[in-house]
Amino acid sequence: MSYEVKEEGNISTVFLNGEIDMDVADKAKTVISPLIEAGKEVHINLKDVSYMDSSGISVLIESHQKAGEKNTKVILKDISKPVLKVIMMAKLEQILNLG
Amino acid sequence: MLISESKDFIVSSASLKEIRSFSKDVFAKQDIPQELKDDLVLAIAEAAQNIVKHAYNGQTTTDKMKVKILFRDNEIEIGFFDTGLPVVPENIQHRKLDDIKPGGLGTFFIKKIMDEAIFRKDKKGWVNHLVLTKKI
């Protein structure tokens, strides 16, 4: 997994790339969490994520919940087909912010 | 018709990619829908992940686990063998639909994708033998 972060005002966009599984989930969390902690609105661009398992979904849930605690939000952008499939399989499409 | 392929992997999160790759290669030889292949790869990866997380508590080890994929007529059977902590099937809980929290999702995915997930006691030299089956 690789990533890129772009800042624009109070919005931080995290572009994730590759496969997100248990082996790299902590790395993704380490990128996203500090942005939420700083009160940023975080957009997670998932266009180039080719695979995501339950560990990756857990990162999305935790990020969503942490953002709620910090009175900000996490929005999932350009969700790739494989990622949308697991989000829907987990019945999270009504819970997570899909932008 | 009976086709079976198996491979051993180090019990580690770093092996998950290799396990997915092995599974994809096995399914590539079979005439089944791509969507089903993708689902099966996810179920296999989740089951392997559970071995790393729960049978070994995420601890580093040189132990190996075996993944065996078997095609029998209209059924796929996937076996997982490990020598970690014994699994008590009754203690396995998957996430409830209205429970919005991380954790338990892997088992939830496995149950959603596969027809059956059972632990067998017929293993030889292994501690746990999980069998996932799916009619095709």
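In chain B, 64% of the contacts with a separation of 6 or more are accounted for by residues 24 or more positions apart, where contact means heavy atoms within 4.5 Å. The model is predicted: local features need pLDDT of at least 70 and side-chain atom pairs count only at pLDDT 80 or more, while totals for chains, interfaces and linings use all residues. Residues are numbered from 1 along each chain as its sequence is written, chains are lettered from A and ligands numbered from 1 in the order in which they are written, and side-chain values use heavy atoms, with hydrogens and water left out.

Chain B contains three helices and five strands. Helices (H or I, at least four residues) and strands (E, at least two) are DSSP runs, numbered from the N terminus. Their order in chain B, starting at the N terminus, is β-α-α-β-β-α-β-β. Chain B has a radius of gyration of 14 Å, close to the 14 Å that the globule rule gives for 136 residues, so it is as compact as a globular protein of that length. The radius is taken over C-alpha atoms, and the globule rule is 2.2 Å times the number of residues to the power 0.38. Taken along the principal axes, the C-alpha atoms of chain B fill a box of roughly 40 × 35 × 30 Å.

Of the 136 residues of chain B, 46% count as buried; buried means under 20% relative accessible area, exposed over 50%, and partly exposed in between (1.4 Å probe, protein chains only). The accessible surface of chain B is about 7200 Å², with 49% belonging to carbon and sulfur atoms. These areas come from the Shrake-Rupley method with a 1.4 Å probe, and for residues only the protein chains shown count as cover. Chain B carries 22 positive and 20 negative side chains, and the centres of the two sets are 3 Å apart. Lys and Arg count as positive and Asp and Glu as negative, whereas His and the chain ends are not counted; the place of a charge is NZ of Lys, CZ of Arg, CG of Asp or CD of Glu.

Chain A also has three helices and five strands, arranged from the N terminus as β-β-α-β-α-β-α-β. The C-alpha trace spans about 30 × 25 × 20 Å along its principal axes. In chain A, 51% of the 99 residues count as buried, and 69% of the contacts between residues at least 6 apart in sequence join residues at least 24 apart. Chain A has 12 positive and 15 negative side chains, with the centres of the two sets 4 Å apart.

A:V24 lies in helix α1 (residues 22–37) and counts as buried because its relative accessibility is 14%. A:V24 touches A:M1 and A:E19, leaving aside residues up to four places away in sequence.

A:S55 is in helix α2 (residues 54–69). A:S55 is buried because its relative accessible area is 7%. Not counting residues up to four places away in sequence, A:S55 touches A:D21, A:M22, A:A25, B:Q49 and B:K53. With the side chain of B:Q49, the side chain of A:S55 makes a polar contact (2.6 Å). A polar contact is a pair of N or O atoms within 3.5 Å; within protein, one must be able to donate a hydrogen and the other to accept it, and residues adjacent in sequence count only if both atoms are side-chain atoms.
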